[in-house]
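Visitor: Please show me the structure. Then I would like to ask about it, part by part.

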Amino acid sequence: MKIGVYLCACGSNISDKINFQEIKVVVEKIENVAYVTNLDMMCSYEGLKDFEGHLRVHQPDRVIVAACSPRDHENTFMLAMGNAGINPYLMQMVNFREQLAWVTSDSDRATQKAIQLLKGACSRVVLHESLGKESIDLNSDVLIIGAGPAGLKAALTLAQADRRVTVVEKSPMMGGKAVRYEELFPKMECGPCMLEPLEAQIVHGPYAGNINLITLAEIIEVKGFFGNYIVKIKKNPRYVDIHNCIGCAECVNACPVSIDNEINFGMNKKKAMDFTFFGALPNATYIDMKSCLRSKGEDCQACQAACPIQGVVNLEDKEETIEKNVGAIILATGHSLYDVSKFPKLGYGHIEDVYTSMQFERMLSASGPTGKQIILKNGLEPKTVAIIHCVGSMDSHHAPYCSGVCCQSGFKYNYEFHHKLPGTKVYHLYKELVSPGKDSYGLYNSAVHNQDASFIRYNNIDDLEIDAHHGQKSLFYRDATGHKHRINLDMVVLLPAVVPNADSALLAQILDVGTDKMGFFEELHGIVDSTKSKVKGVYLAGSCQSPKDIKDSMTQGSAAAGNILSVLVPGRQLDIESITAWVIEEKCAGCKVCSSVCPYKAISFQEETKKSIINAVLCQGCGTCVAACPAEAIVGNFFTTEEIFAEIKGVLA
Amino acid sequence: MGNKPKIAMYWGSACGGCEVSLANVHEALLIIDANFEFVFCPCLVDTKYTDIENMAEGEILITFYNGALRNSENEQMAHLLRKKSKIIIAYGACSKDGGIPALANFHSKEEIYNTIYLNNPSIDNPYSVIPKTVTTVEEGDLYLPEFWDTVKSLDQVIDVDYYMPGCPPEPHQLVKVLNIFLSDEPLPPKGSYLGVGKTTVCEECRRVKTDKKITKFYRNWQIIPDATTCLLEQGLLCMGLATCGGCGGACPEANMPCTGCYGAPQGGSDQGAKMISALGSVIDIAPLKELPESEIPNYIDAILKDIPDLAGTFYKYSLAKSLVNRRVK
């Protein structure tokens, strides 16, 4: 065994503090050390050339590079090892710079510590083994769950790069919540007009051929791992062929069944055979089968008969299970609003004209129940309204965070009242007001300068109570200074906290993706990698990861697509990292301690053999399972127990 | 007699359970006797130390050394038997890893003497008499072995060929091992554990294991565990996870958690440390998401407080061989 030791001077960074001559004298005598050489600026072009040349001439069996942190240049020197024809894993770095030269002014002690560290490295490096790089084929197709702004943006971005994309949407239409808003903050632009071009690209654009949109569908099973997922999708019957329906609405007119319009919260009616709302894309109707006469045993075929195109309405449509192979998955399942019935004092559900923000948005919408008119249940226009911010938000008993988007909605409603019903008194009740970002100031400014608007701060949602007596609604509240007041009013709009969709929990279970305590999907890292989940190959986009507005959802959709484009390149193989953990099958007792500790879900249990197995593609080599395995049946490549103990013994020698 | 290979079993610092395991081979003892000659076994044969001293080097085929090394006599006998034996087997937990006697390494010799001979409610020792290596009486000097400060395992004193773990080893394993020496099969590599499973007790335990999320630990008397689920998952501190198999999972089979008597599996490093590491991985930390950082240690402490006697639980049989093998201060 022949160890070659290389000491990098790093300009004067290292050599100023550490006495290389003294080190040489001691280290040359360590067992197996063939030579100790000092080089300067090893990471530079010249330095690497010298290093490689030296390696070629001396052909050491193991190499120690004492230089900077391995975080800095381990990869650089590993590449050089490879270039010199030596397996890169036969090298051990010793951090002379960050952990030594930079943290002391005592040259003698630094030199002593340098010697001890080299002793450790010498003991460990002899145990290093050549590790190979394996690679596997990967599938570059992508599954996107959710066809809201984030999912659609990701789908289009990927499709434009010629990736095949499957978009699974649980509702009959695209656009998520955003398409249901008539006007969008911060600039009061038309919501459907913003979304529809994107949606049109998905179904009819030049890259639509790369996109397979499956509506009324849900994910029932996901197997496999990054680059090689097998997904089962349950597609519920729509009874209408979305590709050939031209949206003429003949079937709607023919349908004899009138039902509560779900998208407008039952505030108006629609047909059992109908669009989600007029203008929704794909521009195709669907049957709400639970209300259709056919589900009651009648053989109604009115819609099919009315349809001018043969075969578009298929009353025999059945539930199908579709299987897809994909390489990556984007979760873009969006959000819902906090259940305001948890605050019975706010009157929602039992006092008329108390609305959630989503309901009020529909009232503002051209496709809404009132055709854009703001009116009370009694048909009159409201004279006094309260907009209650922070309903559930910033409350440790409910949603312990600021939802971030509700203030802008509140200011938008203020604007609407001011312009549609001038003179309406608007009371904003809030815990905190936020309007961050370069575009938010406009609506904020217009709201605070609305002479009919008042802003009242409260401390606790329990300090507010809506009451109705003899047709007079009142808001009783205690303000932030503790004073009690009463306002008589006509309408209340609640701005509930943004919370994850109820389906998130099930998807989290299917995909083994973590959620935080509210149920938002957990990101790999909140600052550095908020678009990736902790499961390699599963990406996050939009408000399923954290409350966010449409702009940020779109941005995150693009980011998720970009992440995928950078790692799933057709024709490129997936390199499996060598520094991973693996199970010595014979030693595995099947106790399952490891199963739950892997943050990357790389460990599975084989029931047939009663042994755990680690998927090298998913394994990130963190070593958690290696430490946890009580039978010592798991080996962490490059950080084996033997190597670590040898290093400690060497350092202490 | 005559040409039969000679075997010996020494009784070091131990409870006598290892001898019981020999007695528990029942009628197989006749087969052992037919094939081997017991030249030394304090519970069976009245052999004097001088008889051993007079034997030729390597005259004994196998010595089963049971018990830890607590005093100078244990040490002298270890050296003597090493010289006279071809093969030395560290027999039982005490010989292999220090066993229960090694838990005394949490105390100094002085503290132990103080508790046993001086300050103890049941002691009446007005002259503070403690054992001495030499006591002079009218008839002459009397000698006692010297009591050490630290209990050691056999391989910390002499070269050991094989190990048989267990407290005590299973009788059928003893018979199996003797059969190896009667057969023509090549002997296992030096240092092997004999009569053991390849991995931990969990492999032999028939209980159903799932993902472990422990929220509370119980002592054995506090609950009656169900008969089919992993005992650890029920909150009983079962050491089976980190303990070498070979016993057939006898304790969990009898609804009792494994106490770890076989020590770490062959090649394993530190049984107690591995168990601590594993427990750190299976305590349910999901509720931590709800807690502010300052509360996290309290949550963990509340779970750990139910584990009594941490060292005595995790290192019941293996303290002498553990990374931190005694109290230093």
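Visitor: How many residues lie between E25(A) and E26(A) in their hairpin?
Guide: This is a predicted model, where local features need pLDDT of at least 70, side-chain atom pairs count only at pLDDT 80 or more, and totals for chains, interfaces and linings use all residues; side-chain values use heavy atoms, without hydrogens and water. Residues are numbered from 1 along each chain as its sequence is written, while chains are lettered from A and ligands numbered from 1 in the order in which they are written. In the turn of this hairpin, A:Gly482 has a positive phi of about 95 degrees. The number of residues between E25(A) and E26(A) is 5.

Visitor: In which sense do E25(A) and strand E26 of chain A pair?
Guide: Strands (E, at least two residues) and helices (H or I, at least four) are DSSP runs, numbered from the N terminus. Two strands pair if DSSP finds at least two bridges between them. E25(A) and strand E26 (residues 484-489) of chain A share 6 bridges, and the sense is antiparallel.

Visitor: What is the bridge partner of A:Tyr477 in E26(A)?
Guide: A:Tyr477 belongs to E25(A), where it stands opposite A:Leu464. In E26(A), its bridge partner is A:His485.

Visitor: Which residue in the turn between E24(A) and E25(A) has a positive phi?
Guide: Strand E24 (residues 464-469) and strand E25 (residues 472-478) of chain A run antiparallel, joined by 6 bridges. They form a hairpin with 2 residues between them. The positive phi, about 50 degrees, belongs to A:His470.

Visitor: What is omega for the cis peptide bond that joins A:Leu281 and A:Pro282?
Guide: A:Pro282 sits in the loop between strand E15 (273-274) and strand E16 (286-287) of chain A. Omega for its cis bond with A:Leu281 is about 0 degrees.

Visitor: Where is A:Pro186?
Guide: A cis peptide bond joins A:Phe185 and A:Pro186, with omega about 5 degrees. A:Pro186 is in the loop between strand E8 (183-184) and strand E9 (189-190) of chain A.

Visitor: How much area do domain 3 of chain A and domain 4 of chain A bury between them?
Guide: Domain bounds come from an automatic or database domain assignment, and the one for chain A includes domain 3 (237-318) and domain 4 (336-499). Buried area is the accessible area (1.4 Å probe) that two parts lose on being put together, summed over both. Here 69% of it is on carbon and sulfur atoms. The area is about 640 Å².

Visitor: In domain 3 of chain A, which residues lose the most area to domain 4 of chain A?
Guide: Together they make up 72% of what that side buries. They are A:Asn264, A:Phe265 and A:Met267.

Visitor: How many salt bridges does the rule find across the interface of chain B and chain A?
Guide: The contact (heavy atoms within 4.5 Å) takes 26 residues from chain B and 24 residues from chain A. A salt bridge is a side-chain nitrogen of Lys or Arg within 4 Å of a carboxyl oxygen of Asp or Glu. One of them joins B:Glu203 and A:Lys611 (2.9 Å, N to O). The rule finds 2.

Visitor: In what order do the 5 strands of the open sheet in chain B stand?
Guide: The pairing in this sheet is parallel. E5 (residues 85-91) and E9, for instance, pair over 3 bridges. The order is E2-E1-E3-E5-E9.
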